[in-house]
Amino acid sequence: LVIAPTGPLLSLPFEVLLTGPADPGKLATAPWLVRQATITHVPAATNFVSLRKVANSSAAAKPWFGFGDFRPVSVAQANASFPVGPCGDSGRLLAALPALPGAVKELDGARDVLKASTGDELTGVAFTAAKVLDTPLKNYRILHFAAHALLPTDLRCQTEAAIVTSPPTGARDANGALLAASRVLGLDLDANLVILSACNSGGPGGGAGESLSGLARSFFFAKARSLLVTHWEVSDQVAALLVVLTINDMQEKPNQGVTGALREAQLSLLDRAASGKLPAEIAHPFFWAPFAVIGDGGEGGGRSAVSSRL
């Protein structure tokens with residue numbers, strides 16, 4: 001099922017729609033639309049046509065490159081970029097972003113599944129905006145960001161969506177710790193899939209779907225063919241499990257593509273919650289439904305691939 005939503009519907013993963021009556025006390029067995037259909041979201045019908053023409057056509061030789069395990073900026077660095085007063089308490093909020101232990105597990109799991117090189121990643125202090133921009137990424141089929149993301153509504157004085165990275169060593173301010181949408185435009189990619197495993201990486205900002213026209217659209221402009229994004233803040237641990245399950249299904253059943261693999265992973269979480277293998281609350285859409293595929297994620301999507309995290 002290919003959805004080309006407009007307005008507020010850009011912020012809705014259609015997997016959470018119900019096809020019949022549901023018992024709020026039995027969410028694991030509710031008739032979610034994901035049980036009946038594999039779903040892809042596209043900004044417009046014309047985007048779908050153009051993306052399908054080039055889907056999974058990457059000539060990149062390497063399977064995966066990962067980014068994550070950021071180091072937070074200091075309060076002084078954050079306040080230098082977002083002064084108290086004109087920018088409110090934005091600096092304090094930026095400096096208070098927590099570590100993401102689940103992101104480290106997510107990257108490790110993805111690398112193991114795809115049998116990628118341990119050197120094909122930027123993590124910790126090496127994960128800065130400048131180093132992302134300076135890394136030749138055209139030879140990777142999957143790009144995987146497990147990090148925080150910020151919308152323009154999250155930080156006053158921040159006018160565009162951004163991925164939060166580590167600050168450069170000795171930086172005076174926090175500017176080098178924000179990979180903004182406008183800077184993503186300068187990347188030269190040949191990726192079949194970009195995983196944006198971060199809070200609200202495909203969600204609204206300023207207006208419904210605005211960040212899709214910012215951060216996500218910037219990756220499309222840089223020649224990504226499809227994106228795996230989120231529509232709200234995500235659980236660090238559950239996001240790690242869901243993404244690794246998706247990548248594993250992409251590898252085991254490449255013909256189903258990333259959309260089919262995401263569906264299999266979501267149904268797996270629901271089934272595990274129903275059987276008691278996972279806590280029952282995992283059946284709430286907050287946990288299993290934030291991720292959505294933007295672009296063409298059809299057959300063959302498993303051959304290639306940025307996450308709330310906030």
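Buried here means under 20% relative accessible area, exposed is over 50%, and partly exposed is in between (1.4 Å probe, protein chains only). This is a predicted model, where local features need pLDDT of at least 70 and side-chain atom pairs count only at pLDDT 80 or more, while totals for chains, interfaces and linings use all residues. Residues are numbered from 1 along each chain as its sequence is written, and side-chain values use heavy atoms, with hydrogens and water left out.

**Stop one: aspartate 190**

Select aspartate 190 to begin. Is aspartate 190 buried or exposed? Its relative accessible area is 12%, so aspartate 190 is buried. You'll find aspartate 190 in the loop between helix H6 (181–184) and strand E9 (193–197); helices (H or I, at least four residues) and strands (E, at least two) are DSSP runs, numbered from the N terminus.

Leaving aside residues up to four places away in sequence, aspartate 190 touches (heavy atoms within 4.5 Å) several others, including Ser58, Lys138 and Tyr140.

**Stop two: the rings**

Rings of Phe, Tyr and Trp (its six-membered ring) pair if their centres lie within 6.5 Å; planes under 30 degrees apart count as stacked, over 60 as edge-to-face and the rest as tilted. By this rule there are seven aromatic pairs. Pick phenylalanine 67 and phenylalanine 127: with centres 6.2 Å apart and planes at 45°, the pair is tilted. Phenylalanine 67 sits in strand E3 (residues 62–68) and phenylalanine 127 in the loop between strand E4 (121–123) and helix H5 (129–134), so the pair ties together parts 60 residues apart in sequence. Both phenylalanine 67 and phenylalanine 127 are buried.

Next, select phenylalanine 145 and phenylalanine 219, an edge-to-face pair at 5.8 Å centre to centre and 65° between the planes. Phenylalanine 145 is in strand E5 (residues 140–146) and phenylalanine 219 in helix H7 (residues 212–221), so this pair ties together parts 74 residues apart in sequence. Both phenylalanine 145 and phenylalanine 219 are buried.

Finish by showing Phe65, Phe67, Phe127, Tyr140, Phe145 and Phe219 together: ring pairs link them into a cluster.
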